[in-house]
Amino acid sequence: ENMDLIAYIGGISLLALVAYLWLHVRVTSYRESRVRRIKHLLKDPTTSAAMPTDVLSDKEERQDRRDIIKGVQSRFTIIRRALILCVFVAWAVALTFPFIGKLPSTMLSILIAVTTAVVGIAARPLVENMISGIVISFSKQLRVGDTLMMDSQYGTVEDISITHTKIKTWDWKRYVIPNSRMLNKEFVNLTLNDSLLWAYLEFSVSYDADLEEVSDIATRVASQSPHHNAQEPPQFWVMRMDKDSVTCWVAAWADSPAEAWNLKSDIAVRLIKEFRERGIPTHMNQVHLNGDPAKV
């Protein structure tokens with residue numbers, strides 16, 4: 001019997017050691033790969049910011065980058081320690097199995113009830129957020145530096161801690177979401193595979209406008225924008241025939257979500273200027289003043 005007990009303890013200990021080494025190597029590998037990705041993104045601020053700005057000094061930008069990298073390293077360090085602690089607890093519990101039958105049933109019932117109450121009630125939000133944080137950390141669907149559209153918010157993932165995710169919106173506000181909610185949210189990841197984005201602008205012109213001329217102007221001003229990726233020419237489409245106007249789209253590639261934002265604004269400004277100079281009518285509405293119809 002003693003030999004069986006020793007063999008059991010030895011086998012459980014060996015299994016725990018293997019699990020410890022595997023977790024240590026895997027988590028460290030994940031941490032290093034995420035840090036390399038962040039360093040690569042931070043070489044070009046336009047690919048890692050919802051709205052680039054020159055407000056921060058070089059010193060402040062370097063500090064922000066160090067904070068982001070430090071946050072990623074700290075998160076995976078905490079995850080590694082938490083998982084190793086779970087392995088240790090599982091090992092300790094497994095060692096007690098041969099002796100459970102010798103414990104008084106009343107004491108065992110009280111111990112189980114207290115543990116269930118503490119974990120199930122008092123620590124439930126913390127445990128849920130921690131587990132969700134670990135799942136998010138090992139998922140490639142959401143990473144620090146990604147640009148998102150979520151709940152009508154547009155911004156970049158600034159930090160993923162063990163309990164919450166922090167998103168910096170385009171106007172530099174911080175949108176903080178518990179990881180348990182973040183794991184169940186639907187969002188559009190604009191930089192999941194790459195930073196290129198097909199940006200489009202919707203606008204309307206009157207039925208009196210020459211659509212061929214409108215198409216030429218729209219594609220030309222889009223191609224002239226400094227925010228346009230010139231690898232592929234812009235495209236123009238007529239999308240709808242509304243009651244008072246024709247709805248059109250002009251679309252072009254941009255190198256990042258931030259560049260796409262600026263590209264749409266630049267195209268709109270250039271289109272307004274060109275339409276004004278060429279006398280191209282946009283909307284055609286009937287307005288009655290003093291009973292007399294007038295076109296606007």
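A charge is taken to sit over a ring if NZ of Lys or CZ of Arg is within 6 Å of the ring centre and within 35 degrees of the ring normal. In this predicted model, Lys 264 meets that description, lying over the face of Tyr 200 at 5.6 Å from the ring centre. A further case is Lys 168, which lies over the face of Trp 172, with 4.4 Å to the ring centre.

Phe 138 is partly exposed, its relative accessible area being 24%. Together with Phe 76, Tyr 30 and Phe 138 are linked by ring pairs into a cluster.

The rings of Trp 170 and Trp 261 have centres 5.2 Å apart and planes at 35°, so this pair is tilted. Here too distant parts of the chain are linked, for Trp 170 lies in the loop between strand E3 (164-169) and strand E4 (174-178), while Trp 261 lies in helix H7, 91 residues apart. Trp 170 is partly exposed at a relative accessible area of 39%, and Trp 261 also counts as partly exposed, at 33%.

Helix H7 (residues 257-278) also contains Glu 259, which is buried yet has no salt bridge, the nearest side chain of opposite charge, Arg 270, being 11 Å away. Leaving aside residues up to four places away in sequence, Glu 259 touches Pro 226, His 227 and Ala 254.

Terms used: Residues are numbered from 1 along each chain as its sequence is written. This is a predicted model: local features need pLDDT of at least 70, side-chain atom pairs count only at pLDDT 80 or more; totals for chains, interfaces and linings use all residues. Side-chain values use heavy atoms; hydrogens and water are left out. Helices (H or I, at least four residues) and strands (E, at least two) are DSSP runs, numbered from the N terminus. Buried means under 20% relative accessible area, exposed over 50%, partly exposed in between (1.4 Å probe, protein chains only). Lys and Arg count as positive and Asp and Glu as negative; His and the chain ends are not counted. A salt bridge is a side-chain nitrogen of Lys or Arg within 4 Å of a carboxyl oxygen of Asp or Glu. Contact means heavy atoms within 4.5 Å. Rings of Phe, Tyr and Trp (its six-membered ring) pair if their centres lie within 6.5 Å; planes under 30 degrees apart count as stacked, over 60 as edge-to-face and the rest as tilted.
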